[in-house]
Amino acid sequence: MKHQMLLLSIAAALLMSCAAGSVAQESYTLTYRFQPGTTYLYADTSRATQIQEMMGQEMKITTLLTMRARIAGEQMQDDGTMIFMTSFDSMTVATKSPRGDTTMVMQDILGKRTRMTVTAVGALLRREIIDTVKQSRNMMRGISMRESARFHRLSAEPVGVGSSWKSDVVDSTDMMNGKLISHHTMTYTVTGKTVCEGRACLQIGYAGDITLEGKGSMRGMELFMEGKGKTSGTLNFDYGDGLIV
């Protein structure tokens with residue numbers, strides 16, 4: 001009898017161990033899935049502090065950017081690559097600096113469309129500007145077409161809670177008759193599962209470094225730009241529908 005009870009106890013322990021192992025090993029394949037014929041709206045608020053040096057003088061500039069972007073799905077290929085149209089419905093930029101406070105409504109970029117081709121894990125393959133924006137002295141207007149849709153790079157391998165991956169992305173944008181090159185190195189970590197807006201999501205933390213380097217011209221003057229900074233945050237990814245919430 002004791003021998004039978006011992007066997008039952010061992011079997012129960014093994015079953016519990018297997019169950020715990022199956023939970024711990026639960027994994028997810030992360031892919032974006034913006035469906036053709038569906039329009040997605042994203043409202044973003046961004047706060048930034050910059051230390052800018054010009055002609056030997058240092059200035060602190062704080063910026064509050066609020067915008068509403070739209071992504072309209074057009075095609076999805078067999079390998080998951082997506083083609084969609086992006087544009088802004090609204091954008092306001094409020095800036096504080098030693099030179100004064102300004103608030104601008106970026107009317108000239110609203111509704112201007114860009115067609116993007118993006119892989120299932122968020123790698124940009126092609127960007128085609130459909131509606132052009134007039135040249136402006138304001139840097140934000142120069143980079144606005146790209147910033148309407150920037151995608152976090154997802155893991156190419158299945159992930160679970162505790163999984164990490166890295167991304168290294170270099171991109172360039174036409175600006176002020178020149179180019180601005182941005183370099184993002186990021187580390188992502190799945191920190192847990194959560195429910196956001198009624199959707200089952202993975203909570204993913206990210207942190208990384210950004211460097212900017214560019215050259216252009218304005219009113220006959222040649223301009224050189226460089227900068228660096230850090231970024232961090234948390235995103236909720238609906239792994240069922242393939243969307244950041």
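The legends below describe several close-up views of one predicted protein model.

Residues are numbered from 1 along each chain as its sequence is written, and side-chain values use heavy atoms, with hydrogens and water left out. Because the model is predicted, local features need a pLDDT of at least 70 and side-chain atom pairs count only at pLDDT 80 or more, whereas totals for chains, interfaces and linings use all residues.

**View 1. Overall arrangement of the protein chain and the confidence of its parts.**
The protein chain contains 2 helices and 11 strands, where helices (H or I, at least four residues) and strands (E, at least two) are DSSP runs numbered from the N terminus. Read from the N terminus on, the order of elements is α-β-β-β-β-β-β-α-β-β-β-β-β. The pLDDT, which is the predictor's confidence in each residue on a scale from 0 to 100, averages 83 over the protein chain, and 82% of the residues score at least 70. Confidence is highest in strand S5 (residues 114–118), at a mean of 95, and lowest in helix H2 (residues 139–147), at a mean of 46. Residues 137–146 have a pLDDT below 50, although this stretch has 34 contacts in the model beyond near neighbours in sequence, a contact being heavy atoms within 4.5 Å. Of the 245 residues of the protein chain, 32% count as buried; here buried means under 20% relative accessible area, exposed means over 50%, and partly exposed lies in between (1.4 Å probe, protein chains only).

The structure holds 9 salt bridges, each defined as a side-chain nitrogen of Lys or Arg within 4 Å of a carboxyl oxygen of Asp or Glu. One of them joins Asp171 to Arg127, with the closest N and O atoms 2.9 Å apart. This pair links distant parts of the chain, since Asp171 lies in strand S7 (residues 164–175) and Arg127 in strand S6 (residues 124–129), 44 residues apart. Arg127 counts as partly exposed, at 27% relative accessibility. Elsewhere, Glu74, Arg115 and Glu128 are linked in a network of salt bridges.

The side chains of Asp238 and Arg199 meet in a salt bridge with an N to O distance of 2.7 Å. Asp238 lies in strand S10 (residues 221–238) and Arg199 in strand S9 (residues 199–218), so this pair ties together parts of the chain that are 39 residues apart in sequence. Asp238 is buried, with a relative accessible area of 5%, whereas Arg199 counts as partly exposed at 30% relative accessibility. A salt bridge is also formed by Asp209 and Lys230, whose closest N and O atoms are 2.7 Å apart. Asp209 lies in strand S9 and Lys230 in strand S10, so this pair ties together parts that are 21 residues apart in sequence. Asp209 counts as partly exposed at 32% relative accessibility, and Lys230 counts as exposed at 71%.

A nonpolar core is a set of buried Ala, Val, Leu, Ile, Met, Phe, Trp, Tyr and Cys residues joined through side-chain atoms within 4.5 Å. Of the 23 residues in the largest core, Leu30, Phe34, Phe84, Phe151 and Ile204 touch the most other members. Two or more residues are given to this core by each of strand S3 (82–97), S5, strand S8 (178–196), S9 and S10. Not counting residues up to four places away in sequence, Phe34 touches Tyr40, Tyr42, Ile71, Met76, Met82, Phe84, Phe151 and Leu243. A second, separate core of 8 residues includes Leu65, Met67, Phe88 and Ile109.

**View 2. The cysteines Cys196 and Cys201.**
A search of the whole structure finds 0 disulfides, a disulfide being a pair of cysteine sulfur atoms within 2.5 Å. The sulfur of Cys196 has its closest cysteine sulfur in Cys201, at 5.3 Å, which is too far for a bond. Cys196 is buried, with a relative accessible area of 18%, and Cys201 is buried, with a relative accessible area of 0%.

Lys215 lies in strand S9 and counts as partly exposed, at 45% relative accessibility. Not counting residues up to four places away in sequence, Lys215 touches Gly178, Lys179, Glu222, Leu223, Phe224 and Met225. Lys215 and Ile181 are 34 residues apart in sequence and 9.1 Å apart in space, C-alpha to C-alpha.
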